[in-house]
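Subject: Handover of a structure and the findings from it

Dear colleague,

Please find below the structure that I am handing over to you. My findings follow it, arranged by region.

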Amino acid sequence: MAEDESDARKKFAVGLGAVAAAISVLTFLGWDDELKQALPIADRSTTAPAVPSRQAVVTPPAVTRPDPQPTRPRPRPTPEETTPDPEDVRRAYVRQADEACLTAVEARPGPVSVLNYEWMMDVAAARERMLADWQTVSVQPSGGSNVNRVREMWQDFHEATTYWRYMANNLLARNKDGYNAELRRFQYANTSFLQRANRYGFRVCSFQWPTAAPAR
């Protein structure tokens, strides 16, 4: 029995040696990896499996906006562009003023055969109404010279109306001398107004209002 066990151990040792020799030969020939996979005695190291590498996230390049073109400053308007033409303003003023004067001119008292106080006062009221409407025109003449010319017209017209009222008062009082003196003043102021208004270009505001003859 002891001899049999001894023979078995010898045979196992011989077989193990043969296997070791074979492994050495295979290793020398470069078959180490295939051998490790085929034999149960292959290297069983505890080396952790390689972690698969993640693909790098490619960040797209930032979109660069083109620099905005520099805006050119707008040129400042020239005085010719900002200041209206005085002649255009004058024509617009005349047009609106004539429209304003038309109401009073059309509503003026009709002619009479005999000069009387009531009729003269009605004419004076219509003249004053025309001047008031004229002075409410929104468009005003531009330039100092035009403004002064219009104001001189207003002054002449207002003075003529005032003298006309004085004429009516003297007519009522039967004062021929006083009436004739106020008539001359009226004629002077009224003539000055008409000349100025016609030169400026008015067609309605320069209306020739009724007048009167001297007392005898």
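In which helix is the place of Ala168? Ala168 belongs to helix 6. Please bear in mind throughout that this is a predicted model.

Overall architecture

The secondary structure of the protein chain amounts to 7 helices and 0 strands. Read from the N terminus on, its elements follow the order α-α-α-α-α-α-α. Of the 216 residues in the protein chain, 26% are buried.

Along the chain, Ala168 and Glu182 are 14 residues apart, and their C-alpha atoms are separated by 9.3 Å.

Helix 7 covers residues 176–200 and contains Phe186. With a relative accessible area of 1%, Phe186 also falls under the 20% limit and so counts as buried. Phe186 is 26 residues from Ala160 in sequence, while the C-alpha atoms of the two residues are 4.7 Å apart in space.

How do the two helices themselves pack? Two packed helices are described by the angle between their axes and the distance between the axes. For helix 6 and helix 7, the angle is about 155 degrees and the axes are 8 Å apart. Since angles over 145 degrees count as roughly antiparallel, helix 6 is therefore roughly antiparallel to helix 7. Helix 6 and helix 7 form a left-handed crossing. The residues in the contact of helix 6 with helix 7 comprise 16 nonpolar, 5 polar and 8 charged.

The loop between helix 6 and helix 7 includes Arg174. What is the phi of Arg174? The value is positive, about 60 degrees, although Arg174 is not a glycine. As background, most residues other than glycine have a negative phi. Arg174 has a relative accessible area of 76%, and because this is over 50%, Arg174 is exposed.

Helix 5 and its neighbours

Helix 5 comprises residues 117–134 and packs with helix 6, which comprises residues 144–172. Their angle is about 165 degrees, and their axes are 9 Å apart. Helix 5 and helix 6 are therefore roughly antiparallel to each other. The crossing in which helix 5 passes helix 6 is left-handed. In the contact of helix 5 with helix 6, the residues divide by class into 19 nonpolar, 3 polar and 3 charged.

Helix 5 also packs with helix 4, which spans residues 86–106. Here the angle is about 150 degrees and the axes are 8 Å apart. This angle makes helix 4 roughly antiparallel to helix 5, so the pair lies over the limit of 145 degrees. Helix 4 passes helix 5 in a right-handed crossing.

Aromatic residues

How many aromatic pairs does the structure hold? There are 11 aromatic pairs in the structure. A pair of aromatic rings is described by the distance of the centres and the angle of the planes. One of the pairs consists of Trp134 and Trp154, whose ring centres are 6.1 Å apart and whose planes stand at 90 degrees, so the pair is edge-to-face. This pair links distant parts of the chain, for Trp134 is in helix 5 and Trp154 is in helix 6, 20 residues apart.

Are Trp134 and Trp154 buried or exposed? Trp134 has a relative accessibility of 0% and so counts as buried. Trp154 is buried as well, because its relative accessible area of 18% is under 20%.

Trp134 and Trp154 also take part in one aromatic cluster, together with Tyr93, Phe157, Phe193, Tyr200 and Phe202. Which residue lies over the face of Phe157? Arg127 does, at 4.2 Å from the ring centre. Over the face of Tyr200 lies Arg90, at 5.8 Å from the ring centre.

In summary

Helix 6 is roughly antiparallel to helix 5 and helix 7. Trp134 of helix 5 and Trp154 of helix 6 belong to one aromatic cluster.

Yours sincerely

Terms used
Residues numbered from 1 in each chain as written. Predicted model: local features only at pLDDT ≥ 70, side-chain atom pairs only at ≥ 80, totals over all residues. Heavy atoms only, no water. Axes fitted to C-alpha atoms, helices over the stretch in contact; angles between N-to-C directions. Helix = DSSP H or I, 4+ residues; strand = E, 2+ residues; numbered from the N terminus. Parallel < 35°, antiparallel > 145°, perpendicular 65-115°, else oblique. Left-handed = near helix turned anticlockwise from the far one by under 90°. Nonpolar A, V, L, I, M, F, W, Y, C, P; charged D, E, K, R; others polar. Phe/Tyr/Trp six-rings, centres within 6.5 Å; stacked < 30°, edge-to-face > 60°. Buried < 20%, exposed > 50% of the residue type's maximum accessible area, 1.4 Å probe, protein only. Lys NZ or Arg CZ within 6 Å of the ring centre and 35° of its normal.
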